[in-house]
Amino acid sequence: MFYITKKTIEYRKNRKGNTTEDKLNFVLFESDTVLLMIGLLFLYPFFKYSKFLFTLDAIGNILCLVYYKIIDDKKYQLYSMLALIQVILFTSFATLILGWRTGFYYYIFLGYVAFFFPFYLPDSEVEKQISRIPIGILLMILFFVLYGFTNIVNISSAVVMQKRLEDIFCYINFAVTSIIIIAFAYFYSSLIISEKRELSSRADIDALTGLYNRYVLNKNMEANIELVKGNEKDTDNFLVAMLDIDFFKKINDTYGHNAGDYVLKTLAKKIIKFSKYGMLVGRWGGEEFLFMSSSMQKDEFKECLERLRKEIENTSFKFNGKKLKVTVSIGIGKYKSGMTPTSLVGAADDNLYKAKQSGRNRVVD
């Protein structure tokens, strides 16, 4: 018992739990530990009522220790197969020897968990899950066979137990299987939620800069236009700005695309700070970034962007020991009744063009 407790503590300390695989290993390890503890708890009553079950339980406890190594080696399919065989043998003999009322048949449901929660399978094998249906049918048949033998045919062993002890066995078995199934279901649900969030993030976030992408910016413009339609007063504060890096092609041509990516990521870190002013910021595409505000006055909006322009101009961009000169031009567009997202961005683009034509490194509204 001391060894198992020590092993559990060591495992918890060593597992960071940051990756899906770490979390899966933790769930499997903890489930195996629960089964081992229950197996040790059952040793004495089994020894008292059935030497055969005592031997079977002792072998199962040794296998639980072996499972730790199998889980650590990430041999999940081997683990599930061995665990299923063990569950079937143990469930069958314990039910036949001690009777239906002891509730050992509950462990059959762990077989469904092990074989029909496919989170431990590689993506290439998930589609093969259908091939496991016969195993599920066999488990179902086993349930009814055990019920028939113990309740109808009544060929279970003549072991006589106190009703109170039968109830204790039943309560423990039900609690253990419930805890393990809940743990697996919780992990599986968490995995689905995590993957859903990751997919959502990939759809909304630009991979290089970590800012919102064009899709999100367009959706927000459409939503804001719907809100201000028919209310001229609200349109006064609906502003967008387009930022473009000056001579960005020259940076890529001179220093390489890695240098260009470095500049984009560095600018993104500066740009994201402006979200605290109530702006929505994102990468429009290429070297262009878009700012959107529905709460700031135009002068205040322009002043914020001017501060950003100066900060970029005064920033020392160094890549592979080489100093890069980076400036930006910014054009501001103000929403007018009847505009679409395309025409609103077009208004900002027109002023961006004016900023480029008048010497770059400036904000034009």
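Tutor: Buried means under 20% relative accessible area, exposed means over 50%, and partly exposed is in between (1.4 Å probe, protein chains only). This is a predicted model: local features need pLDDT of at least 70, side-chain atom pairs count only at pLDDT 80 or more, and totals for chains, interfaces and linings use all residues. Residues are numbered from 1 along each chain as its sequence is written, and side-chain values use heavy atoms, with hydrogens and water left out.

Student: OK. Is Lys 356 buried or exposed?

Tutor: Lys 356 is buried, with a relative accessible area of 15%.

Student: Which side chain does Lys 356 meet in a salt bridge?

Tutor: Asp 244, at 2.5 Å from N to O. A salt bridge here is a side-chain nitrogen of Lys or Arg within 4 Å of a carboxyl oxygen of Asp or Glu. The pair links distant parts of the chain: Asp 244 is in strand β1 and Lys 356 in helix α14 (residues 341–357), 112 residues apart. Helices (H or I, at least four residues) and strands (E, at least two) are DSSP runs, numbered from the N terminus. Asp 244 is buried too, at 8% relative accessible area.

Student: How many salt bridges does the structure hold?

Tutor: 15. One of them joins Glu 166 and Arg 101, 3.0 Å from N to O. Glu 166 is in helix α8 and Arg 101 in the loop between α4 and α5, 65 residues apart. Glu 166 counts as buried at 14%, while Arg 101 is partly exposed at 42%.

Student: Which residues are in the network with Arg 101 and Glu 166?

Tutor: Lys 163 and Asp 167. Salt bridges link the four.

Student: Switching to rings. How many aromatic pairs are there?

Tutor: The count comes to 23. The rule: rings of Phe, Tyr and Trp (its six-membered ring) pair if their centres lie within 6.5 Å; planes under 30 degrees apart count as stacked, over 60 as edge-to-face, the rest as tilted. Take Tyr 106 and Phe 174: the centres are 5.3 Å apart and the planes are at 65°, so the pair is edge-to-face. Tyr 106 lies in the loop between α4 (76–98) and α5 (108–116) and Phe 174 in helix α8 (residues 163–204), so the pair ties together parts 68 residues apart in sequence.

Student: And why is the pair of Tyr 262 and Phe 319 tilted?

Tutor: Their planes are at 35°, with centres 5.6 Å apart, so the pair is tilted. Tyr 262 is in helix α12 (residues 257–271) and Phe 319 in strand β4 (residues 317–319), 57 residues apart.

Student: Back to Tyr 106. Which aromatic cluster is Tyr 106 in?

Tutor: One that also holds Trp 100, Tyr 105, Phe 109, Phe 143, Phe 144, Tyr 147 and Phe 174.

Student: Now the sheet. What's the strand order?

Tutor: β2-β3-β1-β6-β7, five strands in an open sheet with mixed pairing. Two strands pair if DSSP finds at least two bridges between them. The edges are β2 (280–285) and β7 (363–364), each pairing on one side only.

Student: How do β1 and β3 run?

Tutor: Antiparallel, with six bridges joining β1 (residues 239–245) to β3 (residues 288–293). Among the partners, Met 242 bridges to Leu 290 in β3.
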